[in-house]
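Biologist: I'd like to learn how to read a protein model, one feature at a time. Can you walk me through this one?

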Amino acid sequence: MKRALLLGIIGSFFFAFTFVLNRSMNLSGGYWLWSAALRYFLTLPMMAVLLLRGKQISAVLKAIGKAPVSWMLWSTVGFGLFYAPLSAASVYAESWFTAATWQLTIVAGILLTPLFGKKIPVKNLLLSGMILLGIFIMQIPQIDNLGGENILAALGLILIAAFSYPLGNRKMMQVCEQQSLSTVQRTFGMTLCSMPFWVACGICAGVHAGVPSGSQILQSLLVALFSGVIATILFFKATDLVKNNQKQLAVIEATQSGEVIFTLLLGILILHDAIPSALSFAGILLVIVGMILNSIAADEI
């Protein structure tokens, strides 16, 4: 469990680059749909390189051939309906708001538990509520700066993403359970099977905004490397380690709350964002305490 927890936290650090770089691309005039599609276009060849040795790619293709509909469906949910709405949300709100509100996925993952024949882990739900309370407190000093319509638009999009990511991930773990695929193989397979969705997004982006700029391609390449490859593999590996224990799985999904802290720090260092107020720091403390208590609760299981 400790190994899975560490992998989840490290993964949250690399996931944080998504919010910072998406904001950077929006500030420089990049179209959000290109930001979303480019991440996966660039992630696919990176993942393929990692699997060149042996017959790892052929094993993935063989696994997909056994259940093509499930692979296509849940890969599109887990990657497409996760990242496209999350990228769109960055248009309506700054990186801190998107990263903070995204933590709704912690509770979403817990609430999805009954779909997999398990009871909702009440203790973890309550502790995750502490994390969300901390996130809400962090937003209070800034919320007046955003318009009501923008907040609602961002919240709606993030809600779609927050439920799609754990749902697609958990469903694919079930599909791969008997196929002996590694974490990297599963991530590559999901990226490959979500390509029809991203090709459609790329066509729409091209019609609406033309070709992406060199700067947007470069920043999307960094997002693909840090988030699409490194963070996703770390997080999927962490969830694979505890996939048979719904309570511990909820804890690992809660490590994503670390993205808020890392996004704030990276935003200050890279984008020169304002330093959070005292109230925001109080919220950060609640997030950290909630993560620690989630870990303790898991050790008691």
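This is a predicted model: local features need pLDDT of at least 70, side-chain atom pairs count only at pLDDT 80 or more; totals for chains, interfaces and linings use all residues.

Biologist: Okay, and how many aromatic pairs does the model have?

Modeller: The idea is to look for rings of Phe, Tyr and Trp whose centres lie within 6.5 Å. That gives 20 aromatic pairs here. One of them joins Phe15 and Phe235, with the centres 6.3 Å apart and 70° between the planes, an edge-to-face pair. Phe15 belongs to helix H1 (residues 2-27) and Phe235 to helix H11 (residues 214-241), so to speak two distant parts of the chain, 220 residues apart. Phe15 has 5% relative accessibility, so Phe15 counts as buried as well.

Biologist: Why is the pair of Phe82 and Trp102 called tilted?

Modeller: Planes under 30 degrees apart count as stacked and over 60 as edge-to-face, and the rest are tilted. For Phe82 and Trp102 the planes are at 40°, so the pair is tilted, with ring centres 5.3 Å apart. This pair also links distant parts of the chain: Phe82 is in helix H4 (residues 68-92), while Trp102 is in the loop between helix H5 (95-101) and helix H6 (104-111), 20 residues apart. Both Phe82 and Trp102 are buried.

Biologist: Which residues do ring pairs link into a cluster?

Modeller: Follow the pairs from ring to ring. The cluster takes in Phe15, Tyr40, Phe79, Phe82, Tyr83, Trp102, Tyr165, Phe197, Trp198, Phe235 and Phe236.

Biologist: Which residue lies over the face of Tyr83?

Modeller: Here you check where a charged end sits relative to a ring. Arg39 lies over the face of Tyr83, 4.2 Å from the ring centre. There's another case at Phe236, where the charged end of Arg186 sits over the ring, 4.3 Å from its centre.

Biologist: While we're at Arg39, what does the side chain of Thr43 reach?

Modeller: For polar contacts, look for N or O atoms within 3.5 Å. The side chain of Thr43 reaches the backbone oxygen of Arg39 at 2.5 Å. You'll find Thr43 in helix H2 (residues 32-50). With 1% relative accessibility, Thr43 counts as buried.

Biologist: Which residues line the largest cavity?

Modeller: The lining is made by Phe15, Thr18, Phe19, Phe82, Leu86, Trp102, Tyr165, Gln256 and Glu259. H1 and H4 are the elements that give two or more residues to this lining, and H1 gives the most, with three. Sorted by class, the lining has six nonpolar, two polar and one charged residues.

Biologist: How far apart in space are Gln56 and Gln185?

Modeller: Compare two separations, along the sequence and through space. Gln56 and Gln185 are 129 residues apart in sequence and 7.1 Å apart in space, C-alpha to C-alpha. Gln56 sits in helix H3 (residues 56-66) and is partly exposed, with a relative accessible area of 26%.

Biologist: And how far apart in sequence are Ile252 and Ile9?

Modeller: Those two are 243 residues apart in sequence and 8.4 Å apart in space, C-alpha to C-alpha. Ile252 is in helix H12 (residues 246-254), and its relative accessible area is 0%, so Ile252 is buried.

How values were computed:
Residues are numbered from 1 along each chain as its sequence is written. Side-chain values use heavy atoms; hydrogens and water are left out. Rings of Phe, Tyr and Trp (its six-membered ring) pair if their centres lie within 6.5 Å; planes under 30 degrees apart count as stacked, over 60 as edge-to-face and the rest as tilted. Helices (H or I, at least four residues) and strands (E, at least two) are DSSP runs, numbered from the N terminus. Buried means under 20% relative accessible area, exposed over 50%, partly exposed in between (1.4 Å probe, protein chains only). A charge sits over a ring if NZ of Lys or CZ of Arg is within 6 Å of the ring centre and within 35 degrees of the ring normal. On a 1 Å grid over the protein atoms alone, a cavity is a set of points where a 1.4 Å probe fits but cannot get out, and a pocket is an open set with protein on both sides within 12 Å along at least five of seven lines; lining residues have an atom within 4 Å of a point. Ala, Val, Leu, Ile, Met, Phe, Trp, Tyr, Cys and Pro count as nonpolar, Asp, Glu, Lys and Arg as charged, and the others, Gly among them, as polar. A polar contact is a pair of N or O atoms within 3.5 Å; within protein, one must be able to donate a hydrogen and the other to accept it, and residues adjacent in sequence count only if both atoms are side-chain atoms.
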